Amino acid sequence: MSAFLGPIHSLMYNRIIIMQQVINAIAELTEAEGWNVDVNAFVIKEFPPIEEAVDLSNIHASLFGMVDGAEKRFADIISAISKNNSERLEKIEAVVRSTGESMIIEGVNSPEEVCSQLQEILLDGMPCDRATMVNYNSDGSIEILRTMDLHSSYFEEVGLDGELYYLLLKAFVTGLLSQKAVNISGDFIHNIVISK
């Protein structure tokens, strides 16, 4: 493995940070609502520079551990809050959407630009997993196809339906693109379709 950090490593680290921002927003909601859940184990307030965060002698394994940790924290906080309180899911979904809305994406309007930006933001495993691919449709839409499900198992391990991950992903993406001149469709489990 390379001992040098490259652009793909920074991209992965930024994706992890974005997922953590969603987790932190859910933790803030939990405290604001007075739900009796200790969220401290799920929150990371500050991320050091990537050079300090990863093990430079094994960058790939280090980043994989961070991806795995983020996925586990996300599933764990959702489980801790909602497992026996499903009525809380509506508020969780709303705060996930709002977190997406708070992330400003400049100069991105066409389906191609939106597709590229989503691939820079969404945490879909490591690049070597090849969990998604892009399809350019004849109607001008662009489709992000999921070639494997890297997320459901984290939710299932904590007793939740794996599809809940994709419901929250849809809320996040809908918020993220709420000010953009594109339409988003698809089931988010198998695909995300971006059209004008």
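**Contacts, burial and the core**

Author: Start with Lys196. Leaving out residues up to four places away in sequence, Lys196 touches Pro111, Ala181 and Asn183. Lys196 lies in the segment after β4. Keep in mind that this is a predicted model.

Reader: Why is Lys196 called exposed?

Author: Its relative accessible area is 74%. Exposed means over 50%. The value passes the cut-off, so Lys196 counts as exposed.

Reader: What makes Met126 buried or exposed?

Author: Met126 has 5% relative accessibility. Buried means under 20%. Therefore Met126 is buried.

Reader: Where is Met126, and which residues does Met126 touch?

Author: Met126 sits in the loop between α5 and β1 (132-136). Met126 touches Met12, His60, Leu63, Phe64 and Val67, with residues up to four places away in sequence not counted.

Reader: How many residues has the largest nonpolar core, and which have the most contacts inside it?

Author: That core has 61 residues. Ile26, Phe74, Ile78, Leu118 and Phe172 have the most contacts inside it. Several elements each supply at least two residues of this core, among them α3 (59-82), β2 (142-146) and β4 (191-195). The largest share, 12 residues, comes from α1.

Reader: How do you know that Leu118 touches other residues?

Author: Contact means heavy atoms within 4.5 Å. By that rule, Leu118 touches Ile144, Val173, Leu176, Leu177, Ile192 and Ile194. Residues up to four places away in sequence are not counted there.

Note on methods:
Residues numbered from 1 in each chain as written. Predicted model: local features only at pLDDT ≥ 70, side-chain atom pairs only at ≥ 80, totals over all residues. Heavy atoms only, no water. Core = buried A, V, L, I, M, F, W, Y, C linked by side-chain atoms within 4.5 Å. Buried < 20%, exposed > 50% of the residue type's maximum accessible area, 1.4 Å probe, protein only. Helix = DSSP H or I, 4+ residues; strand = E, 2+ residues; numbered from the N terminus.
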